[in-house]
Amino acid sequence: MELTTRTTPSDFLLPSIHSAPPFFTEQPAPSTRTLFIDNWSRLILAYARHRRLFTLRVEDAEVAGGDWDEILRNERINRRVLPSYLSSLIAALVANNVAVYEPAKQTRSVLLFWRLPEEWADVLHSWATASGQLNTILTFYEIIDPPVPSPLSGLPIPLLRRAIAVLTRSGRAQIIGVADGEGVRLFAGTK
């Protein structure tokens with residue numbers, strides 16, 4: 001079978017390796033396994049960014065029609081990623097610091113860093129600056145669900161916390177306790 005690229009219904013361009021049947025199974029040869037894991041890692045992160053997906057679970061390998069179905073299955077070649085292989089891919093994402101287990105102390109679900117926490121910190125600071133909200137106390141809810149959609153809309157709280165931690169370490173943010181949870185004050189400081 002010829003390896004070809006293909007565009008998914010969500011308008012994501014799948015790489016040609018996605019049409020290779022062996023790509024969907026864990027390979028015994030170390031060099032091939034490493035190559036496939038690297039390709040899967042790039043594919044998962046690019047797709048997550050394209051669809052604004054933040055979580056990947058082992059169970060996603062079994063959910064037909066789910067958020068991840070477009071890349072975890074290829075019906076044209078009758079292949080899909082099995083949960084055991086997805087578990088290995090998830091472990092590789094965590095080992096490469098582009099995902100963390102969320103919640104912690106389990107290995108079946110990860111929070112994906114298609115933007116690293118440092119990048120989200122810059123996005124958060126830029127948003128606060130552009131919207132005139134520096135030195136204002138903002139609740140986490142106001143940041144992830146603003147009245148006007150922003151790049152931070154829908155950001156998971158654990159990822160927001162990581163971004164705020166980056167800003168706090170650089171003196172550009174301070175966590176504030178507010179009546180209905182947690183908030184943050186962002187400052188104009190420099191990196």
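Residues are numbered from 1 along each chain as its sequence is written. In this predicted model, local features need pLDDT of at least 70, side-chain atom pairs count only at pLDDT 80 or more, totals for chains, interfaces and linings use all residues, and side-chain values use heavy atoms, without hydrogens and water.

**Exercise 1. Find which elements the buried residues of H1 pack against.**

Step 1. Buried means under 20% relative accessible area, exposed over 50%, partly exposed in between (1.4 Å probe, protein chains only).
Step 2. The buried residues of H1 include Phe36, Trp40, Leu43 and Tyr47.
Step 3. Contact means heavy atoms within 4.5 Å. The partners are strand S2 (13-14), strand S3 (55-57), H2, helix H3 (83-95) and strand S7 (109-112).

**Exercise 2. Describe the largest nonpolar core.**

Step 1. A nonpolar core is a set of buried Ala, Val, Leu, Ile, Met, Phe, Trp, Tyr and Cys residues joined through side-chain atoms within 4.5 Å.
Step 2. This core has 60 residues; Trp40, Leu56, Trp68, Ile71, Leu112, Trp120 and Leu124 touch the most other members.
Step 3. Helix H1 (residues 30-51) gives the largest share, eight residues.
Step 4. Domain 1 (6-112) and domain 2 (117-186) each supply at least three residues. The domain bounds come from an automatic or database assignment.
Step 5. Now take Leu124. Beyond residues up to four places away in sequence, Leu124 touches Ile143, Leu152, Leu160, Ile164, Leu167 and Leu186.

**Exercise 3. Is Asp69 buried or exposed, and what does Asp69 contact?**

Step 1. Asp69 is found in helix H2 (residues 69-72).
Step 2. Asp69 counts as buried, because its relative accessibility is 18%.
Step 3. Leaving aside neighbours within four places in sequence, Asp69 contacts Val63 and Ala64.
Step 4. A polar atom of the Asp69 side chain lies 3.1 Å from the backbone nitrogen of Gly65.

Methods. Helices (H or I, at least four residues) and strands (E, at least two) are DSSP runs, numbered from the N terminus. A polar contact is a pair of N or O atoms within 3.5 Å; within protein, one must be able to donate a hydrogen and the other to accept it, and residues adjacent in sequence count only if both atoms are side-chain atoms.
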